[in-house]
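Here are my notes for you, in numbered points. Keep the model open while you read and look up each residue as it comes along.

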Amino acid sequence: MLIEDDTETALYVTEGLQQLGHIVAWASTGPDGYFQASHNDHEVIIADRMLPGMDGLTLVKNLRRAGVLTPVLFLTTMDDLNARVEGLEGGGDDYLTKPFAMAELVARVNALTRRSQHLATMAQTRLAVADLELDLLSRTVSRAGKAIELQAQEFRLLEFLMQNSGKIVTRTMLLEHVWDLDFDPGTTVLESHMSRLRAKVDRGFDCELIQTMRGYGYVIRPN
Amino acid sequence: MSYGRIRLFQTETFRLAAIYVGLFLGSMLFLLAMIYFIVSNAFESDLLRNSRDDLAAIRKAYVLGAPKNKSLHEAKEMIDDRLLASDAADLFLLQKDGVRVAGNLPAMAARAATIRMDYPLLPGARAGASGRLLGTGEMLAPGIYAFVGRDLYAARHAEDRMVLAFAAILLLTLILSIAGGLVLSRSFVRRIDSITATCRSIMAGRLNDRIPVRGARNELDQLGSTINDMLDRINSLMEGVRQVSNDIAHDLRTPLTHLRNRLERARRDPHGGSGAIEAAIADCDELIAMFAALLRIAQIESGARRAGMQTIDLADVLRGVVTLYIPALDDAGHAVTADISPGLRMLGDPQLLFRLFANLLDNASRHTPRGTPIAVSASQAGAQARVTVADAGEGIPAEDRELVFRRFYRRERSRTTPGSGLGLALAEAIADLHGAHIALEDNKPGLRVVLTFPLTEAATLPRAAE
């Protein structure tokens, strides 16, 4: 469900998502969007913060009050960190500033969909991809039974990848979730951490679990 | 917005002065009324005391005459004596069974009490007698009643004179107060008017006018000099905006031109593959990032980020940045040493500070060749925390050190390295927001960036930059 009043952006998003097989419903005003979102089931709601008739934040607050638990991704031109916190505390699940790359939007939408399954994995204390196991309680990692020593940052990086196993996570998502950064700290920072992580997790094994998707991000999955 | 002339009577000062005068007169009135009643009372008490004394004398005479059975006679004699010696203000009465025996009052109802009543004026009464008396009476014996009183004219006279005097005092006070109030409020209003006039002249375009400060070190002077400071700040902000607009116009033209060129090339050669378009998108991303950084700087400079301030440990933030960057710096051939003292508590925005230090590390890495070591340190120096990021690279010559803080400034040597030139401008904005000082020093060799932050005990909200 896309609630966006700017036609250009709406077409851009709709086309991009449809090309990947998603079905997109589109409303261009706040009240219209609220009606559709509260009466129909959707996997994800993408809502602009500024909408005619009812602003995005109020819309989502009302949806939450009406018991609609669908994950919400906010789109906005507002770059202010305060606005971001406001949006997430008001019931939103993720926040993307315009302009954005389609790859970014797609990755985040995918991360939000199948959320019920996601919640189930989040309740687990052990994550597994192929023969790689991560124990959240004891903060240990092992592959094929052999323990792997990871630093704190590397552990968090692997944890996030495994929580979204099979789905592409973008650089920005990683920077946000692992280091709580709202800016790009320089091109090689993430890559350096990633290469060290892969050296520990993948080297010496036939199957490379952590894969780079050029122009998109990273993903962990069995080949 | 149009301003009209305000009449003196509409001013706040006049209103306050009037209220003050009103209160003052009110209390004076109260005071004078009290005096009036006290004096009046005193007069009457005096009269009553005299009457009582006379009555006591009459009683004594009556009692003395008892053995000789001449009580009444003695009493009458006493009264007659007194009457001879008195003026017509003294009033006596001796009556037996309701019939007057002696005195100059007609018979009256016998009451043993203080009596205030009207009485018929006597033929010999003095001019001005009031016809009202105050006196006291008692029963000397069953059926025998004696009464002594005084005409109240004297008291009345005194009361009248008091009222006149007090009225005159009040009137005089009123006039003086009003006059004084007018004079004082006039001078105050004139001072305010001069401030208003200066502000209007500034608004009309004479931007360098300032409010005259008399040096009296009072609240008006404080107001005046505070407004002057504000005007100076506004001036410098405006100057900053002018400068930024120039910088932006100048420096964004290049990447925008590149972008246009690439797109034109792509248009000319649609079969040339996606290379040109990819490059164009990359150019766009760079521009977008630049704008985002500019916006962030503007937000920080306008103080919009003050809400994010919390008590933090600077050492924690710095350590976080270092651990984030170590792998990348290592890969780029820079050995990093960190000497960070713990427990540097201060008021700050952790996100912005993270960005600040990340900026400095990134700069150190990008502008020095492989193999250059980078040293980070943080320590407490008195009421401040001193943070340094030092490299052993080329450094920046002294004359350029001020300029590098300007937005978009790239030293000629660095024009080919990637980066928007906004890093240090952003760093300075963040430092300013935290009340911190940022300086570039010669690391002999290399560049050392030094930041001094106020620690919590000494921390105050940063003042507008001088």
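1. Which residue forms a salt bridge with A:K98, and how far apart are the closest N and O atoms? The partner is A:E4, and those two atoms are 3.2 Å apart. A salt bridge here is a side-chain nitrogen of Lys or Arg within 4 Å of a carboxyl oxygen of Asp or Glu. A:K98 sits in the loop between β5 (94-97) and α5 (102-112) of chain A, and A:E4 in the loop between β1 (2-3) and α1 (7-19) of chain A, so the pair ties together parts that are 94 residues apart in sequence. (Helices, H or I with at least four residues, and strands, E with at least two, are DSSP runs numbered from the N terminus.)

2. A quick word on what you're looking at: this is a predicted model, where local features need pLDDT of at least 70 and side-chain atom pairs count only at pLDDT 80 or more, while totals for chains, interfaces and linings use all residues. Residues are numbered from 1 along each chain as its sequence is written, chains are lettered from A and ligands numbered from 1 in the order in which they are written, and side-chain values use heavy atoms, with hydrogens and water left out.

3. (Buried means under 20% relative accessible area, exposed over 50%, and partly exposed in between, with a 1.4 Å probe and protein chains only.)

4. Over all chains, a search of the whole structure turns up 34 salt bridges. One of them joins B:D283 and B:R262, at 2.7 Å from N to O. B:D283 belongs to helix α5 (residues 275-301) of chain B and B:R262 to helix α4 (residues 219-268) of chain B, so this pair ties together parts that are 21 residues apart in sequence. B:D283 is buried, at 10%, and B:R262 is partly exposed, at 26%. Have a look at A:D94, A:E104, A:R108 and A:E176 too: salt bridges with shared partners join them into one network.

5. Now for helix α6 of chain B, residues 314-331. Its 18 residues reach 26 Å from first C-alpha to last, close to the 26 Å expected at 1.5 Å a residue (the expected span is 1.5 Å times one less than the number of residues). Even so, there's a kink of about 45 degrees at B:Y325, shortly before the proline B:P327; the bend is the angle between axes fitted to the seven residues ending there and the seven starting there. After the helix comes B:G333, with a positive phi near 85 degrees.

6. What about the inside? The largest nonpolar core has 92 residues, and A:L158, B:F357 and B:F453 have the most contacts inside it. Its largest share, ten residues, comes from α6(B). A second, separate core has 17 residues, among them A:I3 and A:F74. (A nonpolar core is a set of buried Ala, Val, Leu, Ile, Met, Phe, Trp, Tyr and Cys residues joined through side-chain atoms within 4.5 Å.)

7. Last one: find B:S27 in helix α1 (residues 12-64) of chain B. B:S27 is partly exposed, at 41% relative accessibility, and its side chain reaches the backbone oxygen of B:L23 at 2.6 Å.

Notes:
Polar contact = N/O pair within 3.5 Å; in protein donor to acceptor, adjacent residues only side chain to side chain.
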